[in-house]
Amino acid sequence: HSDADNRLRRVIFAMTIWVVCKAAGETEFRGFQTGTEAIAHYNRPGNTPADLRLRLNPDRLSRLKRNKGTTNENAAWEVKEQDTKPADLVDVSGATQQFQGVTIGTAPAQATASAQDAGASEEKASEEPVSPPPAPALPASEEPAWETTNERKCLIITQPGLLITQMDLLRTWTFSEVWNWILALLEATRLSDMRTVPQGTTFEVIVAECLKLTHGTSAKVELAGAAASGGQGDDGQDITIQQNGMHTRSTVNEIIDCKNYSRNTKGTRPNVRSVIGALMTSDLTAGTNIKHGVGTLLVTSGFTAKAIESRDTFNRKQKASNTGYRMQCWTFEGEFKQDMDDYFSEIQSPDDPNDAAHKLLENILRELQFPPHGPLIRFQGPV
């Protein structure tokens, strides 16, 4: 298998990270697909430990997964990495003694986790999901965890950790910080009652700005889906990448279909076929004197087995026919993140990576707050 195929398989079959915050009074493990997802969840108000010095971060999570946590960390957290859920009813006596007199409300955290698990309703009934079935959804009477406005087309951001003020923009941002903020924002759109189209548009805008950064002047990156039209129905292409200069098999145009899915909702075979259809009919990849290109289905979760099979079948036939077409199934935190990491690792000057990260954040904020068809996010807090 190719390196890309192997990375994809690692993303699909990765073990679940199970976390319980004993310092917040939790006694049941919560499952997360990635460590970043777990950190984003526990950095939200109401989900954090009483002692903020013991807030979950990448280093602490790594130690806890390897059973190398300090006494204080072990009293506040318990972390396991396995494909089945650990036994619940965790002993919180150590945390109770250490954080005596401090009360943390866990209801918002429970509502958040339930809302996230409810996202799998988009999975096609005919597909075999790679991951286990989701937990039951929230009762209809429950309020969404995040407030929206403008007929549920705009997410209102007030929570620390996701709220960005003018003062925040004056400091230096690393790419890791920008990436974690992006993941937290995408999760917030999925946990809110934001409509499906603006949820997807938010993801499209973020992806487009990342691609504009990495491609620079070598290619023209444009939004072609809901982000450009303000409506639905993009026929398998949300973003187009048009190479500047001569089109060859090594420098091909690309169309990308973006899916901002919850972790339990996978990219399906119909999604793959939609991208293939666009790839074979778009003027960008099938126009005059252009008979080659790449189609990419980019999702925030993973793919069903039949989606991968459909991709492989198409690529096998194209290779046998010696055409210039190729289909890719990428995850946002897998292959796409790897491309971003490669770009930042190739920046030579020590200061330049942070400058690039800061510019990326500014561009994303501008396009999300001031797009042609109305804002997708709005910050509401102290300036």
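Strand S7 (residues 239-243) is largely enclosed by the rest of the structure, because 4 of its 5 residues are buried, where buried means under 20% relative accessible area with a 1.4 Å probe and protein chains only. The model is a predicted one, in which local features need pLDDT of at least 70 and side-chain atom pairs count only at pLDDT 80 or more, while totals for chains, interfaces and linings use all residues. Residues are numbered from 1 along each chain as its sequence is written, and side-chain values use heavy atoms, with hydrogens and water left out.

Strands (E, at least two residues) and helices (H or I, at least four) are DSSP runs numbered from the N terminus, and two strands pair if DSSP finds at least two bridges between them.

| Partner of S7 | Sense | Bridges |
|---|---|---|
| S6 (residues 219-223) | antiparallel | 5 bridges |
| S8 (residues 254-259) | antiparallel | 3 bridges |

Within these pairings, Thr-240 of S7 is the bridge partner of Glu-222, and Ile-239 stands opposite Ile-256 in S8.

A nonpolar core is a set of buried Ala, Val, Leu, Ile, Met, Phe, Trp, Tyr and Cys residues joined through side-chain atoms within 4.5 Å. The largest one has 52 residues, and Val-207 is among those that touch the most other members, as are Trp-181 and Leu-185. Helix H7 (residues 175-191) supplies the largest share of this core, namely 11 residues.

Notes. Buried means under 20% relative accessible area, exposed over 50%, partly exposed in between (1.4 Å probe, protein chains only).
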